[in-house]
Amino acid sequence: MWQVDLAPGSFTLAPYSSLIFCLGILVFLICILAGSSHGLCPSGKLERQLIMQNEMRERQMAMQIAWSREFLKYFGTFFGIASVALTAGAIKRKKPAFFLPIIPLGFVFTYQYDLGYGTLLQRMKGEAENILETETSKLQLPKGMITFEGLEKARREQSKFFIDK
């Protein structure tokens, strides 16, 4: 019989343990049947966690797009000034080699524009979905998925290494 001392007398949990057990089972069944999303149900916690992870992912993507747009402003200015200066130098000195740096700078500018304002992210998403559907063998980890047993084995080996030293 379980006892908890709360005051000068003692309080016994035994008469209430079957009631507490039944209430726990009842709450569990309600959670399963209702698919509840409040804190009592593990599925609700998982749902909130997934929503939070998606919100964080969306914010990170928004920051990446915003960074690309901001970078594009500065790089676009540099690219414009460099293009005018290199074109003027090529014409003035009559050396077409001055045009060569414009080519790689143009590729960087185009990439950043496409990332910030174009459809690059949609194309990347489509390609990622295609890889997930058709090329799953390329996504496999070496030696398969990490297991708890493998982690424990590695932890034991590491602890032996530190104990031996």
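Guide: The structure holds six aromatic pairs, a pair being two rings of Phe, Tyr or Trp (its six-membered ring) with centres within 6.5 Å. W67 and F71 form a stacked pair, at 5.2 Å centre to centre and 10° between the planes; planes under 30 degrees apart count as stacked, over 60 as edge-to-face and the rest as tilted. The model is predicted, so local features need pLDDT of at least 70 and side-chain atom pairs pLDDT 80 or more, whereas totals for chains, interfaces and linings use all residues. Residues are numbered from 1 along each chain as its sequence is written, and side-chain values use heavy atoms, without hydrogens or water.

W67 and F71 are both in helix α2, four residues apart, about one turn of the helix; helices are DSSP runs (H or I, at least four residues) numbered from the N terminus.

L105 belongs to helix α3. Beyond its neighbours within four places in sequence, L105 is in contact (heavy atoms within 4.5 Å) with F75, F78, F79 and A82. The C-alpha atoms of L105 and F78 are 9.5 Å apart, although 27 residues separate the two along the chain.

Helix α3 (residues 102-117) also packs with α4, at an angle of about 80° and with axes 6 Å apart; axes are lines fitted to C-alpha atoms over the stretch in contact, with angles from 0 to 180 degrees between N-to-C directions. Therefore α3 is roughly perpendicular to α4, a label for angles of 65 to 115 degrees. Y111, D114 and L115 of α3 meet L120, L121 and R123 of α4. This contact has four nonpolar, no polar and two charged residues, where Ala, Val, Leu, Ile, Met, Phe, Trp, Tyr, Cys and Pro count as nonpolar, Asp, Glu, Lys and Arg as charged, and the others, Gly among them, as polar.

The largest pocket is lined by R57, M61, Q64, L121, M124 and K125 (lining residues have an atom within 4 Å of a point of the 1 Å grid; a pocket is an open set of points where a 1.4 Å probe fits, with protein on both sides within 12 Å along at least five of seven lines). Helices α2 (42-93) and α4 (120-134) each supply at least two lining residues.

Notes
Parallel < 35°, antiparallel > 145°, perpendicular 65-115°, else oblique.
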